[in-house]
Amino acid sequence: MPNKKNASLRLSTALCALLAISVPARADSLTQNQQLVHDIYKELVEIDTTTATGDTRQAAEAMAARLKAAGFPDADVQAFSPAPRKGNLVARLHGTGQRKPILLVAHLDVVPALRADWSVDPFKLTEQDGYFYGRGSSDDKYMASSFVTNLIRYGQEGYKPDRDIIVALETDEEIFDRDSVGIQWLIKNHRDLIDAEFALNEGGGVYLQDGKAVRVNIQTSEKVPVTFQLDVKNAGGHSSVPRKDNAIYQLAGGLVRLSKFEFPLHLNDTTRAWFAHTAQNVSEKTAADIRAALADKPDEAALARLSAIAPFNSLLRTTCVATTLEAGMPRTRCRSWRPPR
């Protein structure tokens with residue numbers, strides 16, 4: 001997915017505002033910081049950090065080198081490699097200690113990107129028509145780049161916040177840290193380095209309307225994934241003598257049933273408040289549907305229209321979707337066949 005030009009810088013500015021950190025308006029400084037965030041962003045995007053072929057250790061060490069080159073002492077920048085091709089980074093800007101630290105978290109890994117599926121090289125940052133293209137350009141290397149850039153900037157400008165600012169760049173978020181070498185490893189082995197009063201993580205975004213920020217999303221919790229694997233098997237056979245109990249058709253039938261299933265409406269305090277606020281920044285037709293869906297007795301037609309909008313549907317209810325299909329290899333062994341008597 002492309003993200004808009006200078007999106008990394010905008011996130012930096014938005015984050016500073018959220019943390020009540022001043023952003024200097026000097027034109028020369030702004031130009032320098034824009035170049036810095038672009039260079040870091042480009043370096044991160046162009047490091048393959050997919051699970052199958054990539055190396056998050058390389059990305060973590062590259063960001064550690066950036067921070068150390070900017071003057072951060074070794075004790076405050078630590079890159080860890082808990083497994084081959086796996087890396088995490090923890091960096092700290094010391095404040096006055098008046099308040100407990102804040103933790104800023106972003107992940108370094110990305111989902112797979114086949115070159116044949118892309119019009120540009122997914123592991124080369126390409127700027128085109130005011131957009132950046134590249135695997136991880138949005139999720140989540142723009143955020144990691146912003147955090148590292150801001151930390152460097154604060155250090156260079158001698159900024160002394162009333163709390164330590166900790167940046168943690170972790171691996172394997174895209175696979176739910178299934179091998180416990182990402183955030184779980186940091187919690188288990190280096191909790192002291194990331195212990196904080198609260199953390200800001202990926203998820204919430206700044207939404208613009210006519211160039212003006214109209215909404216800053218802050219998550220109160222994260223959707224919890226539950227993965228189910230459906231296995232369908234049969235005795236198999238030669239394609240010239242097809243069987244009625246075809247495992248592929250059986251699985252396909254189940255997936256079609258799943259595609260038509262919908263969980264009931266389930267709002268909590270956060271999602272209800274989000275929709276109520278969102279109704280102020282959408283078309284009147286959509287706003288009317290939101291109000292009708294939030295009523296004590298939700299209007300089914302309005303709910304159906306909102307459910308057709310994927311981002312809205314994911315907040316209205318629990319969701320379930322098929323994501324990956326795998327099948328056995330075709331048999332190459334020849335067998336003799338005798339017709340039934």
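**Salt bridges and a helix face**

Analyst: D245 is partly exposed, at 39% relative accessibility (buried means under 20% relative accessible area, exposed over 50%, partly exposed in between, with a 1.4 Å probe and protein chains only). The model is predicted: local features need pLDDT of at least 70, side-chain atom pairs count only at pLDDT 80 or more, and totals for chains, interfaces and linings use all residues. Residues are numbered from 1 along each chain as its sequence is written, and side-chain values use heavy atoms, with hydrogens and water left out.

User: Which residue forms a salt bridge with D245?

Analyst: Side chains of opposite charge can pair when their charged atoms come close. Here the partner of D245 is R243, with the closest N and O atoms 3.0 Å apart. A salt bridge is a side-chain nitrogen of Lys or Arg within 4 Å of a carboxyl oxygen of Asp or Glu. By this rule the count is 15.

User: Which parts of the chain does the salt bridge between E262 and R317 tie together?

Analyst: E262 and R317 meet at 3.7 Å, N to O. E262 is in the loop between α7 and α8 and R317 in the segment after α11, so the pair ties together parts 55 residues apart in sequence. Helices are DSSP runs (H or I, at least four residues), numbered from the N terminus. R317 is buried, with a relative accessible area of 7%, while E262 is partly exposed at 47%.

User: Which residues of α9 are buried?

Analyst: In α9 (residues 284-293), they are T286, A287, D289, I290 and A293. They fall within an arc of 160 degrees seen down the axis, so they line one face of the helix; the arc is that of the directions from the helix axis to the C-beta atoms. On the other side, E284 and K285 are exposed.

How values were computed: Helix = DSSP H or I, 4+ residues; strand = E, 2+ residues; numbered from the N terminus.
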